[in-house]
Amino acid sequence: MRLLLTGKNGQVGFELQRALALLGDVVALDRLTCDLESEVSIREAVRRFEPNVIVNPAAYTAVDKAESEEGRARAINARAPAILGEEAARLGALVVHYSTDYVFDGKTERFYRETDATTPQSIYGKTKLAGEKALAATGARHVIFRSSWVYGVHGSNFVKTMLRLAGERETLSVVADQIGAPTSAALIADVSTLVIRRLSETNTAGLEGVYHLVASGETSWHEYACHVIEYGRAKGHVIKVAPDAVRPIATEDYPTPAKRPANSRLDTQKLRDAFGLTLPDWRGSLDHVLEQIL
Ligand SMILES: NC(=O)c1ccc[n+]([C@@H]2O[C@H](COP(=O)([O-])OP(=O)(O)OC[C@H]3O[C@@H](n4cnc5c(N)ncnc54)[C@H](OP(=O)(O)O)[C@@H]3O)[C@@H](O)[C@H]2O)c1
């Protein structure tokens, strides 16, 4: 199997380089070797390698900055998946693409299913949803994984930010009224690999489409931060903030340019049933990553 991977230096891209190697020859590209803002660059990369599978974790992920850079966010998150899809359709290749909980407004009280109405509240969410639709419209074989609250050993993320701030400050305020599931880049990469393998077999009718892919369980950003900080303290990491000085605050007390969903919980039943998978609790994967970071 020949696999073309974009965004190899991102959190998920980095883990995919490791995991996809189990399936065949991986050509891993970065911004210099495949610039998703350039149609020519994308088409040339695909035509040069003629992959059987295109895996596209690269994205414009600066959620707040996207509010003032819609053109770039749209080119990378919406137009690029369409171009990859067009090239894949020509080759008969499978496209594995990634999306987000931000396609929902977060106003429901339950876990979101793949069939729920999408109403993104931010430019980032709108461009990611446009990418989902544009890829599907090309007619290429495809799987789209929507995930949430992604972190990993490689790259910048909430876990590393909390460890840094907890080492610098005596008090911290963290939003407590947004709930979701922290999901490790390694879990996303491992599940992607199993799904690609299954889709390379015969009798795959009905298996393509959108899937929610997150760790099991749920938490708030505040509880998540406390878990990270206490783990760091137990491991002897420099932590200045006292356990009772990590204060829960409301979203309205931490204004950001982009609106975030209050409920980011994604229902993974469809993925688990279709591929016979178990998705571990968020704490297990988080502790594994913390062991590597600390
Ligand atoms: N992070 C989250 O919390 C989260 C939550 C839900 C869904 N997702 C989705 O999951 C996927 C992976 O996210 P992630 O956290 O791994 O993202 P990430 O760490 O921010 O990595 C994004 C990658 O995209 C690359 N990229 C950006 N612009 C590019 C361009 N013009 N051409 C080529 N490459 C470009 C970046 O390259 P450079 O290294 O050169 O900047 C980087 O390697 C994305 O589709 C994202 O939307 C993420």
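Predicted model: local features only at pLDDT ≥ 70, side-chain atom pairs only at ≥ 80, totals over all residues.
N157 sits in the loop that runs between β6 (150-151) and α5 (158-168). With a relative accessibility of 8%, N157 counts as buried, because the cut-off for buried is under 20% relative accessible area. Leaving out residues up to four places away in sequence, N157 touches Q11, V150, Y151 and G152.

N157 also caps the N-terminal end of α5. A side-chain oxygen of N157 is placed 3.2 Å from the backbone nitrogen of V159.

## Helix α5 and its cover

Which residues of α5 are buried? They are F158, V159, M162, L163, L165 and A166. An α-helix has 3.6 residues a turn, so residues three or four places apart point the same way. The elements covering the buried residues of α5 include β6, β7 (172-175), α7 (221-234) and α9 (282-293).

## The nonpolar cores

The largest nonpolar core holds 56 residues, and those touching the most other members are V55, F145, Y224 and L271. Helix α6 (residues 185-199) gives the most to this core, with eight residues. Y224 is in contact with W149, Y151, F158, V159, P182, T219, W282 and L286, when neighbours within four places in sequence are set aside.

Another core lies apart from the largest one. This other core has 28 residues, including V63, A73, A88 and A140.

## The ligand site

Around the ligand there are 24 residues, of which R31, L36, T61, Y124 and K128 come nearest. For R31, an N or O atom of the side chain is 2.8 Å from an oxygen atom of the ligand. For L36, a polar backbone atom is 2.9 Å from a nitrogen atom of the ligand. For Y98, a polar backbone atom is 3.4 Å from an oxygen atom of the ligand. The ligand taken alone exposes 900 Å², and the protein buries 82% of that area.

Which elements give two or more residues to the shell around the ligand? These are α1 (11-20), β4 (94-100) and α4 (123-137). Strand β4 gives the most, with three residues. By residue class, the shell divides into eleven nonpolar, nine polar and four charged.

## N56 in strand β3

N56 lies in strand β3. Is N56 buried or exposed? N56 has a relative accessible area of 1% and is therefore buried. The side chain of N56 is joined to that of T6 by a polar contact of 2.6 Å.

Not counting residues up to four places away in sequence, N56 touches T6, L36, P81, L84, V96, H97 and Y98. One of these, L36, is also among the residues that come nearest the ligand. Another, Y98, has the polar backbone atom at 3.4 Å from a ligand oxygen.

T119 is found in the loop between β4 and α4. At a relative accessible area of 36%, T119 is partly exposed, because that class lies between the 20% limit for buried and the 50% limit for exposed. T119 and D105 are joined through their side chains by a polar contact of 3.1 Å.

Beyond residues up to four places away in sequence, T119 touches V103, F104 and D105. V103 is 16 residues from T119 along the chain, and the C-alpha atoms of the two are separated by 6.0 Å.

## Two residues with positive phi

Most residues other than glycine have a negative phi. E50 has a phi near 40°, a positive value in a residue other than glycine. E50 lies in the loop between α2 (39-49) and β3 (53-56). Its relative accessibility of 41% makes E50 partly exposed.

W149 also has a positive phi, near 50°, and is a residue other than glycine. W149 is found in the loop between β5 (141-147) and β6. With a relative accessible area of 7%, W149 is buried. W149 is one of the residues in contact with Y224, and Y224 belongs to the largest nonpolar core.

Note on methods. Residues numbered from 1 in each chain as written. Heavy atoms only, no water. Near = heavy atom within 4 Å. Polar contact = N/O pair within 3.5 Å; in protein donor to acceptor, adjacent residues only side chain to side chain. Areas by Shrake-Rupley, 256 points an atom, 1.4 Å probe, with all protein chains shown as cover. Helix = DSSP H or I, 4+ residues; strand = E, 2+ residues; numbered from the N terminus. Nonpolar A, V, L, I, M, F, W, Y, C, P; charged D, E, K, R; others polar. Core = buried A, V, L, I, M, F, W, Y, C linked by side-chain atoms within 4.5 Å. Buried < 20%, exposed > 50% of the residue type's maximum accessible area, 1.4 Å probe, protein only. Contact = heavy atoms within 4.5 Å.
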